[in-house]
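Here are my notes for you to read with the structure open. I've kept them to points you can check by clicking on residues.

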Amino acid sequence: MDRDDEIINCLFQVCEKENIPSAIFSGIGGCKDAELQLFIPETGGFETEVLEGTLELVSLNGNIVRDDEGKLFHHAHALFSFRGEGLDAKHGMAAGHLKSTTVLYTAEIELRPTIDGAIGRQFDPETGTGFWKFL
């Protein structure tokens, strides 16, 4: 992927264009922003952290599935490294559920469609989120 591409949106576009019902993906790259989330079971909600600056996408792993109406959903975890601010700045790291990230200069993302079947998504009322549904 190239500068200014939003990774999750690009993966969704490929799945739509190629009629891919479900897939897994992984990747590395350089990004300029990221929105990470941490699921809090007690509240059923997410805490969000926004990162900006030069971010090294050290690891990206996730999947894309469709619900019963055909809508795409992703579940991804990402790990970023970054340089802190100031003269004595050290490298920092941040990780979590990846909601979105924008490419700074390049990203190498591998999309692997499921073969001979598909993975769907079903809503779980206890947690308020969706889980895999094998079709």
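**Notes on the model**

1. Let's start with T102, which sits in strand β4 (residues 91-113). Helices (H or I, at least four residues) and strands (E, at least two) are DSSP runs, numbered from the N terminus. Bear in mind that this is a predicted model: local features need pLDDT of at least 70, side-chain atom pairs count only at pLDDT 80 or more, and totals for chains, interfaces and linings use all residues. Residues are numbered from 1 along each chain as its sequence is written, and side-chain values use heavy atoms, with hydrogens and water left out.

2. Is T102 buried or exposed? T102 counts as buried because its relative accessibility is 13%; buried means under 20% relative accessible area, exposed over 50%, and partly exposed in between (1.4 Å probe, protein chains only). Its side chain makes a polar contact with the side chain of D33, at 2.9 Å. Such a contact is a pair of N or O atoms within 3.5 Å; within protein, one must be able to donate a hydrogen and the other to accept it, and residues adjacent in sequence count only if both atoms are side-chain atoms. Setting aside neighbours within four places in sequence, T102 is in contact (heavy atoms within 4.5 Å) with D4, D5, E6, C31, K32 and D33.

3. C31, K32 and D33 turn up again with G53: leaving out its neighbours within four places in sequence, these are the residues G53 is in contact with. G53 is in strand β2 and counts as partly exposed because its relative accessibility is 34%.

4. A pocket here is found on a 1 Å grid over the protein atoms alone, as an open set of points where a 1.4 Å probe fits, with protein on both sides within 12 Å along at least five of seven lines; lining residues have an atom within 4 Å of a point. This pocket holds about 160 Å³ of space, and β2 gives the most to its lining, with five residues.

5. The largest pocket has a volume of about 550 Å³. Of its 20 lining residues, H74, H75, R121, T129 and G130 lie nearest its centre. Which strand gives the most to this lining? That is β3, with five residues.

6. Now the inside. The largest nonpolar core has 24 residues, and I7, L60, F80 and L98 have the most contacts inside it. α1 (7-17), β1, β2, β3 and β4 each supply at least two residues of this core. By nonpolar core I mean a set of buried Ala, Val, Leu, Ile, Met, Phe, Trp, Tyr and Cys residues joined through side-chain atoms within 4.5 Å. In soluble globular proteins, nonpolar side chains tend to be buried together. Leaving aside neighbours within four places in sequence, L98 is in contact with residues including I8, L60 and F80.

7. Last, look at α1. Its buried residues are I7, I8, C10, L11, F12 and C15, and what covers them includes β1, β2, β3 and β4. At the start of α1, a side-chain oxygen of E6 reaches to within 3.1 Å of the backbone nitrogen of I8. After α1 comes N19, whose phi is positive, near 55 degrees.

Methods: Grid points are joined across faces, edges and corners, and a volume is the space filled by probe spheres set on the points.
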